[in-house]
Amino acid sequence: MVDWAEIIGNTLGIPPIVMGLTFLAAGTSVPDLLSSVIVARRGQGDMAVSSSIGSNIFDILVGLPLPWIIYTAYPGKPSSVTVGADGVGVSIAILIGMVILIISTIHFNGWKLTKSAGTMMFVLYLAFVAQAILRELPFDTCG
């Protein structure tokens, strides 16, 4: 999926950051989306929210480190890999801000997942993608 996203992005002139934040993120989240819709329609909104949170925690705490553990276990491979951390503080602050905004949105909707809450969350996602693209894309400052 990553290879195809890269090929399509290069062909259409879409920067990798945009492909990662939109198409890859959406493509890997479709199973979570479908399960959340199913349980939400059954009236179990708490399970839908828990599923999305649990999925992200699993991805971060298992999905990221497990491939690196396997990679570094092979003889001749480096025991560590340097990961760029430029702007990680800003990213963490934005993430915390988003969590606060999402919880506030649900709170102000009476702790119910309503159409307006869904709309607000979608707007927050678009704002997140926009700020991430603006932070990552190089801009010509000379005019």
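A: Arg135 counts as partly exposed because its relative accessible area is 34%; buried means under 20%, exposed means over 50%, and partly exposed is what lies in between, with a 1.4 Å probe and protein chains only. The model is a predicted one, in which local features need pLDDT of at least 70 and side-chain atom pairs count only at pLDDT 80 or more, while totals for chains, interfaces and linings use all residues. Residues are numbered from 1 along each chain as its sequence is written, and side-chain values use heavy atoms, leaving out hydrogens and water.

Arg135 sits in helix α6, which covers residues 115-136. Helices (H or I, at least four residues) and strands (E, at least two) are DSSP runs, numbered from the N terminus. Between the C-alpha atoms of Arg135 and Gly118, 17 residues apart along the chain, the separation is 26 Å. When residues up to four places away in sequence are not counted, Arg135 touches Gly87, Val90, Ser91 and Ile94. A contact here means heavy atoms within 4.5 Å.

Trp111 lies in the loop between α5 (88-108) and α6. With a relative accessible area of 57%, Trp111 is exposed. Its phi is near 60°, which is a positive value in a residue other than glycine.

Helix α2 spans residues 16-41 and contains Ser36. Ser36 has a relative accessible area of 15%, so this residue is buried. Apart from neighbours within four places in sequence, Ser36 is in contact with Ala48 and Ser51. Ser29 also has its place in helix α2, and at 33% relative accessibility Ser29 is partly exposed. The C-alpha atoms of Ser29 and Ser55 are 9.1 Å apart, although 26 residues separate the two along the chain.

Ile53, Ile57, Phe58, Ile60, Leu61, Val62, Leu64, Leu66, Ile69, Ile70 and Tyr74 make a patch of about 1,100 Å². The elements giving two or more residues to this patch are α3 (45-63) and α4 (65-73). The most comes from α3, with six residues. Patches are made of residues with over 30% relative accessible area and no salt bridge; like charges are joined within 9 Å, and nonpolar side chains (Val, Leu, Ile, Met, Phe, Trp, Tyr) within 5 Å. A salt bridge is a side-chain nitrogen of Lys or Arg within 4 Å of a carboxyl oxygen of Asp or Glu. Accessible areas come from the Shrake-Rupley method with a 1.4 Å probe, and for residues only the protein chains shown count as cover.

Leu61 is found in helix α3 and is exposed, with a relative accessible area of 59%. From C-alpha to C-alpha, Leu61 is 22 Å from Ile17, and the two are 44 residues apart in sequence. Leu66 belongs to helix α4; its relative accessibility of 45% makes Leu66 partly exposed.

An aromatic pair is next. Rings of Phe, Tyr and Trp (its six-membered ring) pair if their centres lie within 6.5 Å; planes under 30 degrees apart count as stacked, over 60 as edge-to-face and the rest as tilted. The count by this rule is one aromatic pair. The ring centres of Trp68 and Tyr71 are 5.8 Å apart and the planes stand at 85°, so the pair is edge-to-face. Trp68 and Tyr71 are about one helical turn apart, because three residues separate them in helix α4. Trp68 is partly exposed at 43% relative accessibility, and Tyr71 is partly exposed at 32%.

Finally, the chain as a whole. The protein chain has six helices and zero strands, and from the N terminus its elements run α-α-α-α-α-α. Its radius of gyration is 18 Å, whereas a compact globule of 143 residues would have one near 15 Å. The radius of gyration is taken over C-alpha atoms, and the globule rule is 2.2 Å times the number of residues to the power 0.38. Along the principal axes, the C-alpha atoms fill a box of roughly 55 × 50 × 30 Å. Of the 143 residues in the chain, 14% are buried. The accessible surface of the chain is about 10,900 Å², with 71% of it belonging to carbon and sulfur atoms. Among contacts between residues at least 6 apart in sequence, 41% join residues at least 24 apart.
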